[in-house]
Amino acid sequence: MIWHIVTRELLDHLTSLRFALTTLILVALMVTNAIVHLQTHPERVRKYSEKVNASRTELKSRTQLYALLQKGPGKLYKRPSSLAFIADGGDTLLPDESVGGGFWILYGLTYIWSMGVPRLNMEALSHLRPTATAIDWVFIITYLLSFIPLLFTFDALSGERERGTLRLCLANSISRPALLVGKFLGSFITVLIAFYFAVLFNLAIISTESWTQLSGADWGRVGLIVLIASCYAGIFIAVGLIISAVTRESRLSLVVLLLIWVTVVVFMPSTLGMLSTKWMPPVQTHHQFQETTAAATDQVHSNFLNKRQALIERRQSAETSQEAAAKIDTSELEIQQELVSKDMEVREQLSRQHLAAQSAQVLRARQITRCSPAAMVQYALESMAGTGFNRHLQFLEYTNLYVRQFRDFIVEMDRADPESLHFIGIPKGMSEKPISPEAIPIFEDQLTFQDTLNPALVDMLLLILLLGVSLSAAFLVFLRSEV
C-alpha cells in the first residue's frame with residue numbers, strides 16, 4: 001500500500017510544472033558553478049605551484065645552518081582544495097600562507113625566524129557568508145534544497161483536505177502512518193531526482209578538465225556531501241508535512257512555510273552570527289597585538305642587557321688568564337643564545353594566543369548559528385570539501401608540526417659536528433659545515449579524508465538527529481490532526 005502511494009505521488013510530482021522548473025533552475029546553477037570552477041581553479045593551482053617552487057628553491061639555496069635558522073623555511077602555502085566548487089568557505093577572507101617575522105640588530109645579534117600567524121578579518125568572519133555570495137554547492141543546497149521541498153509538500157495534506165480526498169483515503173484501509181510515509185517518500189524521491197540530475201551534470205562538466213580531476217578520496221567526500229544534502233532536504237520535507245497537516249488551506253500552509261524558511265535559512269544564520277560577536281568580549285586588535293608583542297620583546301632585551309652588564313662587570317674583575325677568558329666568552333654566548341631563543345618563544349607564544357582568541361570567538365559564533373540547519377549543512381560541507389575556517393586551523397597545525405621538524409633538523413645537524421660549540425641561534429656557536437639541500441625537510445600541505453570527516457561529524461550527527469525529530473513530529477501531528 002505504501003508503494004502504491006509513493007508511485008502515485010511520484011507521477012503527480014514528475015509530471016508537474018514545478019518539477020520541470022526546479023530541475024531547470026538546479027541544472028542552470030550547477031552548470032554555472034562548474035564553468036566558473038573550470039575558469040578559476042587551474043589558475044589558482046598554477047599560482048600555488050609557482051609560489052611553492054619559488055619558496056623551495058630559495059630554501060635549498062641556504063647551505064649554512066645559521067642561515068637556515070635565521071631566515072627560516074620561508075612562507076608556507078595552503079594547497080587549494082580540489083572541491084572548492086562545492087564550498088567556497090570564504091577562502092578569499094582567509095590567509096593562504098603562514099608568515100615569519102622581521103629582523104632586529106642588537107650588539108651584533110640578529111632576530112631569528114619565528115612562526116607568525118596571518119591576521120584574520122574578524123568583521124567579515126562574523127558573518128555566515130561573504131558580501132558577494134559565491135554560487136557553490138553550499139549556496140544551492142542551503143537555499144534551494146530547503147525551498148524546493150516546501151513547494152512539493154505545502155499542499156500534500158492540506159490540499160487533499162480541501163478537496164475532500166483525505167477523508168476518503170483514510171476511510172479505506174490506508175492507515176495514517178502509511179499515508180504519511182508515502183507522501184514523504186514521494187516528495188523526497190522527487191526532490192532528489194532533480195538534485196542528483198543537476199549534480200551529475202556538474203560533475204560531468206568538471207571531469208572534462210585535466211586540472212580538476214578528482215581522486216578516489218575526493219569522490220568519497222563527494223558521496224558523503226550528497227548524503228548530507230539529502231538529509232537536509234528530508235528535514236524540510238518533514239517540516240512541510242507538519243505545517244500541511246495542521247493547516248486546512250494550502251494558501252495558509254504556503255505562507256507559514258515561507259515565513260519559516262526566511263527565518264530559519266535566511267535570517268537566523270547571518271543575524272545570529274553578527275549578534276553573537278556583539279555579545280562576546282572584544283578580541284585584541286592587530287595594533288594592540290603589536291604593542292603587546294613589542295612590550296614583551298623589550299622586556300626580553302632589557303633582561304639581556306642587564307645580564308650582559310653583569311657579565312662585563314665580572315670580566316673586569318676576573319683574572320686575565322686564558323682559562324678565565326674562555327669561560328667568560330662561553331658565558332656570553334649562553335646569554336646571547338638565551339636572548340634569541342627567548343625572543344622567538346615570546347613572539348610565537350603571543351601569536352598563538354592571539355590566534356586562539358580569534359578562533360574561539362569564531363567557533364563560539366558558529367555554535368550559536370547552529371540553531372539553523374542551514375548553518376549546520378554549510379559547516380559540514382565546508383569541512384568535507386576541505387575549505388573554510390576549520391581547514392585554515394588544520395593548515396596552521398600542520399605548519400606548526402613542520403616548523404618543529406625543521407628546527408629539530410637544525411639541532412641534529414649542529415650536534416653532528418664535533419667542532420661546533422652548539423649554541424643554537426648564535427653565528428659563532430653553530431656549525432659552519434655546509435649541508436646538502438636535499439637533506440632539508442620540505443613542507444607539503446596535505447589533506448586526508450580523516451581530516452575532512454572529523455570536523456564534519458558533529459554537524460552530520462545534528463542533521464541526522466534533526467531529521468529524526470522532524471519525522472517524529474510529523475507523525476505525531478498528523479495522527480492527532482482532524483481530517
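Which side chain makes a polar contact with the side chain of S436? The first legend gives the partner, in a model that is predicted.

**View 1. S436 and its polar contact.** The side chain of S436 meets that of E438 in a polar contact at 3.0 Å. S436 sits in the loop that runs between helix 14 (388-415) and helix 15 (449-480). Its relative accessible area is 38%, so S436 counts as partly exposed. S331 lies 105 residues away from S436 along the chain. The C-alpha atoms of S436 and S331 are separated by 32 Å.

**View 2. H422 and its backbone angle.** H422 has a phi near 65 degrees. The value is positive, in a residue other than glycine. H422 is placed in the loop between helix 14 and helix 15. With a relative accessible area of 36%, H422 is partly exposed.

**View 3. The largest cavity.** Two cavities of 30 Å³ or more are found in the structure. The largest has a volume of about 130 Å³. Its lining counts 14 residues, of which S55, R56, K75, L76 and F443 are the closest to the centre.

**View 4. The lining of the largest cavity.** Helix 2 (17-60) gives the largest share of this lining, with five residues. At least two lining residues come from each of helix 2 and strand 1 (76-77). By class, the lining of the largest cavity holds nine nonpolar residues, four charged and one polar.

Methods. Residues are numbered from 1 along each chain as its sequence is written. This is a predicted model: local features need pLDDT of at least 70, side-chain atom pairs count only at pLDDT 80 or more; totals for chains, interfaces and linings use all residues. Side-chain values use heavy atoms; hydrogens and water are left out. Helices (H or I, at least four residues) and strands (E, at least two) are DSSP runs, numbered from the N terminus. Buried means under 20% relative accessible area, exposed over 50%, partly exposed in between (1.4 Å probe, protein chains only). A polar contact is a pair of N or O atoms within 3.5 Å; within protein, one must be able to donate a hydrogen and the other to accept it, and residues adjacent in sequence count only if both atoms are side-chain atoms. On a 1 Å grid over the protein atoms alone, a cavity is a set of points where a 1.4 Å probe fits but cannot get out, and a pocket is an open set with protein on both sides within 12 Å along at least five of seven lines; lining residues have an atom within 4 Å of a point. Grid points are joined across faces, edges and corners, and a volume is the space filled by probe spheres set on the points. Ala, Val, Leu, Ile, Met, Phe, Trp, Tyr, Cys and Pro count as nonpolar, Asp, Glu, Lys and Arg as charged, and the others, Gly among them, as polar.
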